[in-house]
Amino acid sequence: MPMRETFLATTEEIIDADPDVAVVLADISAAQLAGAARRHPDRVINVGIREQLLVSTGAGLALAGLRPIVHTFPSFLVERAFEQIKLDFSHQDMGGVLVSWGASYDMSTAGRTHQSPGDVALIDSLPGWTVHVPGHPAEARRLLLESIPGDGRVYLRLSAQENASPQLGVGFTRLRSGRAGVVVAVGPVLDRVLRATAGLDVTVLYASTIRPFDGAGLRSAVQSATPDVVLVEPYLAGTSAHCVAEALSEVPHRLQALGVRRDVEVRTYGEIADHDLAHGLDAGSLGLSIREFLGDRRGTADASGAAGR
């Protein structure tokens, strides 16, 4: 089952089981949760295409003692309603789970209105948020279930792009060990990074949770490799560069940040793969960028030397 459908099925399970959880929608996914809305009309609320109200309603439910799941596309949830996230959740110190689906350009044929490569950077401008970027439906389910208890602020970013297998570790999981550098893959770019680094003597780290940033895990990996770090994120390039700099503040290092381009406005429609290529996030382009940065240092990567943290 794809990531979005996994989220909706899991959400329905949660609503049926936990009377302290509410779901707030803005038309998106309302049809899929119609059954839950009939069973729990007071806790499955569709405000229509009014995204600022969507977020404020979620924060109001949190003020009333409920745990809100607030859901729509990222450009509407984070970009359009950012003021309400900033004031109603962060400034009022309210907890909730914001869940988007669509990522940077999953809805490529819908145009720029439905693209949101800057969503994680916006959330990152606010303190105290946990940010999950799952790369597989099983990761999405686990991260959603783990986000319901408590009163923290969580952003769960779902995508149509998925890796072949889940990685269910905590923090950075080491999938390969090498000496020529460290490549960090976030969420659904992992499979492409593994193809891009095939034959390179590099350490590959994977994260589905990028805030808080696992600085200790990165420092540990850098201690046994050349301190050249390649950060591959499926949203705005360099979003986590400041976290790398902070984690390695006492380690001389180089950083290459790959992600959605900042230097040009991509105005094409096409398919997801066309946007991957335009932003250099396809496996071939990633391989070229990584080899150029590392000086094409080939060697025998230890594919089995991955002790998950």
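User: Let's start in the middle of a sheet. Which residue in β6 does S100 stand opposite?
Analyst: S100 stands opposite R157 in β6. Keep in mind that this is a predicted model.

User: OK, and how many bridges join β4 to β6?
Analyst: There are 6 bridges between β4 and β6 (residues 153-158), and the two strands run parallel.

User: Is β4 buried or exposed, then?
Analyst: Buried: 6 of the 6 residues in β4 (residues 96-101) are, so the strand is largely enclosed by the rest of the structure.

User: Which residues sit on each side of β4?
Analyst: G96, L98 and S100 are on one side, V97, V99 and W101 are on the other, and all of them are buried, so both faces are covered. As a rule, side chains in a regular strand alternate between the two faces of the sheet.

User: Switching to the cores. Which residues touch the most other members of the largest nonpolar core?
Analyst: Y155, V184 and L218 do, in a core of 44 residues. Helix α3 (residues 51-63) gives the most to this core, with 5 residues. The core also draws at least three residues from each of domain 1 (1-156) and domain 2 (171-296).

User: And what else is there besides that core?
Analyst: A second, separate core has 26 residues, including F7, I28, V44 and V99.

User: Back to Y155, what does it touch?
Analyst: Leaving out residues up to four places away in sequence, Y155 has a list of contacts that includes L98 and S100, along with P74, W129 and H132.

User: New topic: T10. Where does it lie?
Analyst: T10 is in helix α1 (residues 3-17).

User: Buried or exposed?
Analyst: T10 is buried, because its relative accessible area is 1%, and the cut-off for buried is under 20%.

User: What does the side chain of T10 reach?
Analyst: The backbone oxygen of T6, at 2.7 Å. T10 also touches R141, L144 and L145, not counting residues up to four places away in sequence.

User: Last one, what does UniProt place at residues 1-166?
Analyst: An unreviewed UniProt entry puts the feature "domain: Transketolase-like pyrimidine-binding" there. Over residues 1-166 the chain is 41% helix and 18% strand, with the end C-alpha atoms 13 Å apart.

Note on methods: Residues numbered from 1 in each chain as written. Predicted model: local features only at pLDDT ≥ 70, side-chain atom pairs only at ≥ 80, totals over all residues. Heavy atoms only, no water. UniProt positions renumbered as here; feature names shortened; annotations may be inferred. Helix = DSSP H or I, 4+ residues; strand = E, 2+ residues; numbered from the N terminus. Buried < 20%, exposed > 50% of the residue type's maximum accessible area, 1.4 Å probe, protein only. Polar contact = N/O pair within 3.5 Å; in protein donor to acceptor, adjacent residues only side chain to side chain. Contact = heavy atoms within 4.5 Å. Pairing = 2+ DSSP bridges. Core = buried A, V, L, I, M, F, W, Y, C linked by side-chain atoms within 4.5 Å. Domains from an automatic or database assignment.
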